[in-house]
Amino acid sequence: MFSNLVWMFVLLCSSVADENFIRDADIFPSSPEIERGSSLELSCVLRKSDTPQRNANHIIWKLNDALISPEEYNVVNETVSNITIHNFTYSTAYVECLMKYLDKELPLVHTVVKSGFRPDMPENISCIYFYDVNLTCTWSAGRETSFTTNYTLYRKLMSSPYTVRSCQNTTESCSFFYPYNDYSNDFCFQVEAKNVLGESLTECVSIPLQKIEKFASPEILSVKKIPGIKQLLMVTWKMPEKIIPLKHIICQVQYRNLYSNFTKFVNVSLNSKKGIVSCNLTGLWDSTDYSVAIRCINNESAFWSGWSGEKNGSTEEKAPSRKMDLWRVIESSHSSRNRSVHLMWKPLKSFLPSGRILGYKIQYFPENKTACKRTNNSTDEKITLFLNEDAHIISVTAYNSAGKSAEAILRIPSADEKSSQMIEIVMASTINEEVVVQWKTSGPQTTTYVVEWYEELETDPFGRSWQYVSNSTEWKNNKKNFKPFLCYNISVYPLYGNNVAAPSYAQIYAQEKKPSEGPVADTDILGKNEVTIKWNEISKAKRNGFITNYTIFYKPEDGKELNETVNSDVLQYRLKSLQANTQYTVRIMASNKAGGTIGEPKTFKTLKLDKDDVFFFAIPVGISMLCLIGLWITCVLKKHAFKKVCWPDIPNPEESLAVEWPLASSMNNSFLKRVSSQTKTVDFEDINVLEYCFPEEGQEESLLINYENQVSECTDTNTKGITNRDEKILHNEEDETANCFSLSMPYVITDQFTRSQIHSALIPVKEVQPIEMVANDVCGSQQNPIKNEENDVEEVLKLEDFNEKALFNPYLKNSVKAREFLVSESLPEHSMDECKSQSSVLPPFQPKVPGQSYITLDMFRLAKAQ
């Protein structure tokens, strides 16, 4: 086991040694640098030659890991292999020599090849000479060589070509420093460029030093005004020390007006001996700050010195010459006795400033009380005054150390004063990068206007911007002065004298984007096939533009989405033609010029029935209820009438006075007793049914004659009783009348007449009262009793012929010709006497007459059956 391990270790060591032996080779040249586009030649040399199985024939070449074609190989001997690469264009390339052995590529040696160009001849040599400091020259090297290039600057004297100074650098400039930069006008300059591929040398260029002299910047000592002299500043500066002696110098003074940013130049000539130089700047503005800077140059040189540092100075002050622009904002108040008037002013930029403003003087007084003048001072360009309801005159002046300006005057109208309207219309728009406001006026005499603009949500009166416009009805401003996506209120005020007319307004967005949020939908009136959708306006801060329209999107459940578009002033809309009992989803989109934003969805469900359906159902039900209620009320109020029609009272024959029943005297006596005692009830046990009698034809006439005689006797007896006017006689009259009606008289009635009597019996009949109780009714009749009897007889004789055999009934016989005499007991005595004094006989009973006291046999039979 141990021997095997030793043998494996020996083989491993021999393998490693053999591999090191194979890689032992060299490459020539080791780091080649060639001119780009030329041919590259390389050699790979094996160091040991005692390995016949591994010689130069097994060497292969690679360029940047790519195998080079064997055609480019050249095997010199067993240890040397050459390669030639034509037209080498790589700036940097990796070339490797390898040994191919047993299908393996074993690396031997490698190198990095660089290519580049020869240096071009430098051009455009220029030098700058700083006296007693340095001499620096620069040049243009030409194209990039890809190799390090060394430059050598030679400075030669023309009179002595062998007197040469040089400096070297790898950049395109080189300097000679003091003390090796001595001054001479007889120098020429030459530049040599050299790299690994070659070198180039320029010709010697002659450059006089005084033409390339450049000195340091001068130093400004002071910029000041001269007391008593206006529009003048004196500038004093110090020249640099290191300047070529005895040369003419020119200095340029630059002064800039800080108010108008206007710049001018003034040249000042001097010689190099002067160390301190002064200059007066004239024709300046009064009370104006200026900034001054200076540079200088040798009059033969091409190079100016650098600019000195700027220094400021102010000219002599002058009293402000012109008035300022003055404006006001009148804040509305609940109390007119204390109004807040916010004043703002600013100096005009179209005239020369008059100096540093120290403050402002504000004077105001009521228009009709000039003596009540008040004065305020302010260092700001704004102030707030508290005025009463009267009209006021306000003036503002600016002052400085030299005086004050002219007054800027405005009139504040009274609280109840109505200003005239001179502007018809104001139009605001954006054109390119400007906000343009145009207006039309009806007052041609007006030439001055105030344009006021501010954010719609701005509450601070001093946060408003304003500008005077003269001799124009158009105003422009850059869009950058307006915030994007915000609404601005623009007002145009005409000015005539010191008065301000009524303004006209417009609104504008300098830039729009779609609303930040959409409207929230809500439902108001739900129906079966329609619904009213309502929504609120979006808050002004989130509109981001003018709302142009609203779009209502609505979609039924599992249906197609529909939409309706309305104008921006519509905040509710009725959706029609909807499906009944269906759930819908609705959304509202608010749109402006930049786009639209949809609000949160709202769901609703239409009704099964709408109010019209309920109305059509309710009308019949209501009418039915009203009819039932009306019928019930009628039944309650007319219950006695309905009872008489539907359930009539059947007359009791026992209570009738028309006939005396052919019964026992006890029955008659009980009947009279019940009549005299006004008893209204009838016992059916006391009523006996009369049997039918059938008279012969010859007996009908005798029956009628006997009936008339009987009635006549009864009538005479009654008349006699009434004339005597005695209560006792009246009592006897009752007995006689009863005897008259109790006589047996045959009466013939047909079946047809009997059926008519049954029909008339359905009509209610008044209860039978004693004769004394209805005496008043008898008095109402003034007819002759004899005449009535005759008429009754004629009516009886005129009856139709009987188709059937007549039946004889003694009860019905008497009821035809007999009537009751009813006297009311409630009548006064004198009325009773009058009634008794008059003789009258009621007409005989007639068939089919309602209310008469008789009953047919058929009806009686029905009553008894019950």
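Two strands pair if DSSP finds at least two bridges between them. Keep that cut-off at hand for the exercises below, which use a predicted model.

**Exercise 1.** Find which strands pair with β35, and in which sense.

*Solution.* 
- Step 1. Start with strand β36, residues 465-470. Six bridges join β36 to β35. The cut-off is at least two bridges, so β35 and β36 pair. The two strands run antiparallel.
- Step 2. Pick out a residue pair. Val-451 is opposite Gln-467 of β36.
- Step 3. Turn to strand β38, residues 487-496. Eight bridges link β38 with β35, again in the antiparallel sense.
- Step 4. Locate a pair here too. Trp-453 faces Ile-490 of β38.

**Exercise 2.** Decide whether strand β35 is largely enclosed or largely open.

*Solution.* 
- Step 1. Take the strand's span: residues 448-455, eight residues.
- Step 2. Apply the cut-off. Buried means under 20% relative accessible area.
- Step 3. Count. Six of the eight residues are buried, so the rest of the structure largely encloses β35.

**Exercise 3.** Work out the order of the four-strand open sheet, and name its edge strands.

*Solution.* 
- Step 1. Read the order: β21-β20-β23-β24, with antiparallel pairing.
- Step 2. Look for strands that pair on one side only. These are β21 (262-271) and β24 (311-314), the edge strands.
- Step 3. From one strand to the next, the average is 30 degrees.
- Step 4. Go to the pairing of β20 (residues 248-257) with β23 (residues 289-298). Nine bridges join these antiparallel strands.
- Step 5. Find one bridge. Asn-257 has Tyr-290 as its partner in β23.

Conventions: Residues are numbered from 1 along each chain as its sequence is written. This is a predicted model: local features need pLDDT of at least 70, side-chain atom pairs count only at pLDDT 80 or more; totals for chains, interfaces and linings use all residues. Side-chain values use heavy atoms; hydrogens and water are left out. Buried means under 20% relative accessible area, exposed over 50%, partly exposed in between (1.4 Å probe, protein chains only). Axes are lines fitted to C-alpha atoms, for helices over the stretch in contact, and angles run from 0 to 180 degrees between N-to-C directions.
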